[in-house]
Amino acid sequence: MEHLPLSPTMDVVFQYIFSSEGSEEGLLSFLNAVMVHSGKPLLREVTVLNPFNVRRFREDKELIMDIRAVDEMGRVFDVEMQSVNQLGFENRILYYWSRLYCTQIQKGEDYRELHPVVSIILMNFELFEKLPDLHNEFYIAAKANPELALTDDLQIHTFELSGKKLKQLPKLEELLQAWLDFFCHAEEKTENEMEVLLKKDRGLKRAYQKYHEFTRDDELREIAEAREKNERDRRGQMDYAHASGVKEGMEKGMEKGRAEGIARSIVRFLRKRFPLEFSSELETRIMALTDTEHLENLFMVAYESPTLEAFVRQLERKA
């Protein structure tokens, strides 16, 4: 039986390439390609903090996984691949960065123990229409002098791998160009084309070996196909929720109407996702909310939460 090609940009494939056993050489190469492009110090070694666990992927089709790693200087790296432009995605990027930054120390510990957190987000869509570059870097800088950074601890890199911006690949440094070419076109390349690409770097060659391992493993392919189907279903639910009133609610001139529209969309979305667990009491709690910014964030939580209990925990935490 001939299998359909799998892209390295599929979340579970991407996770396997960079966090399964023996993947460190590839991850180190990719991280250094990003660091070179942004003029930051290179890594000498890297340790994966959340190794690939096939059982977790099999048991939870909605598992949200990124690659977390630390280098010899204590810098924390968070790498993820995204295929869907979710509502509030920019907030989500900052939220995940801040969570990694804050959890480095406990209450009462010295703030000087905090290390930089570098978020690297690759996405198959265009997020910043007003920014022409494929690779954008964000940091905290002074408005009066953008060259003056408050701290170097916040580093966020975005890579928009959309058709229009992909034309910029030849303008990037050779190694970064090769990595992005691999992500976007590995399943389409001939053996000769792939051989030419892999000659550019040992780490890239190691990543291809991990990609090849995944595509030849029946169990892993089954997991990838199940997650892809689940993602399609979730996108359909998302479209349903938008059609059910979130867009209408956001466009209303009156703040009350706007909040009510978003709240109603959250209720409909959760009822569709968790028909047996959703209760009238929870609906009442959601419909009583009036802060539109809070509701917009909750809509993203409703979309991402693997269980209704996870949504309720976030709701209570923000109450």
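Me: Which residue of E6 does Phe138 stand opposite?
Reply: Phe138 stands opposite Ile156 in E6. This is a predicted model, and the pairing is read from its coordinates.

Me: How do E5 and E6 pair, parallel or antiparallel?
Reply: The two strands pair in the antiparallel sense, over 4 bridges.

Me: And E4 with E6, how many bridges join them?
Reply: E4 and E6 are joined by 7 bridges and run parallel. Within E6, His157 has Ile120 opposite.

Me: Is E6 enclosed or open, and why?
Reply: E6 is largely enclosed by the rest of the structure, because 7 of its 7 residues are buried. Both of its faces are covered. Leu154, Ile156, Thr158 and Glu160 lie on one side, with Gln155, His157 and Phe159 on the other, and all of them are buried. In general, side chains in a regular strand alternate between the two faces of the sheet.

Me: What about Ser162, where is its place?
Reply: Ser162 is in the loop between E6 and H5. Ser162 counts as buried, because its relative accessibility is 12% and the cut-off for buried is under 20%.

Me: Which residues is Ser162 in contact with, leaving aside neighbours within four places in sequence?
Reply: Those contacts are Phe125 and Glu126.

Me: Glu126 again. With which residue does Glu126 form a salt bridge?
Reply: Glu126 forms a salt bridge with Lys164, and the closest N and O atoms are 3.7 Å apart. The pair links distant parts of the chain, 38 residues apart: Lys164 is in the loop between strand E6 (154–160) and helix H5 (174–185), and Glu126 is in the loop between strand E4 (117–123) and strand E5 (135–138).

Me: Are those two buried or exposed?
Reply: Lys164 is exposed, at 57% relative accessible area. Glu126 is partly exposed, at 24%.

Me: How many salt bridges does the count come to?
Reply: The count comes to 15 salt bridges. One of them pairs the side chains of Arg112 and Asp110, at 2.6 Å from N to O. Arg112 is exposed at 73% relative accessibility, whereas Asp110 is partly exposed at 30%.

Me: Which helices does the Arg264 and Glu283 pair link?
Reply: Arg264 forms a salt bridge with Glu283, with the closest N and O atoms 2.9 Å apart. Arg264 is in helix H9 (residues 255–273) and Glu283 is in helix H10 (residues 280–287), 19 residues apart. Arg264 is partly exposed, with a relative accessible area of 28%, while Glu283 counts as buried at 19%.

Me: Changing topic: which residues touch the most other members of the largest nonpolar core?
Reply: They are Phe30, Leu122, Leu180 and Phe182, in a core of 51 residues. Another core lies apart from it and has 21 residues, among them Phe274, Ile286, Leu298 and Leu308.

Me: What is Phe182 in contact with, leaving aside neighbours within four places in sequence?
Reply: Phe182 is in contact with Pro8, Ile17, Met194, Leu197, Leu204, Ala207, Tyr208 and Tyr211.

Me: Ile17 is in H1, so which residues of H1 are buried?
Reply: Val12, Val13, Phe14, Gln15, Tyr16, Ile17, Phe18 and Ser19 are buried. Helix H1 (residues 11–19) is largely enclosed by the rest of the structure, because 8 of its 9 residues are buried.

Notes:
Residues numbered from 1 in each chain as written. Predicted model: local features only at pLDDT ≥ 70, side-chain atom pairs only at ≥ 80, totals over all residues. Heavy atoms only, no water. Core = buried A, V, L, I, M, F, W, Y, C linked by side-chain atoms within 4.5 Å. Buried < 20%, exposed > 50% of the residue type's maximum accessible area, 1.4 Å probe, protein only. Contact = heavy atoms within 4.5 Å. Salt bridge = Lys/Arg side-chain N within 4 Å of Asp/Glu carboxyl O. Pairing = 2+ DSSP bridges.
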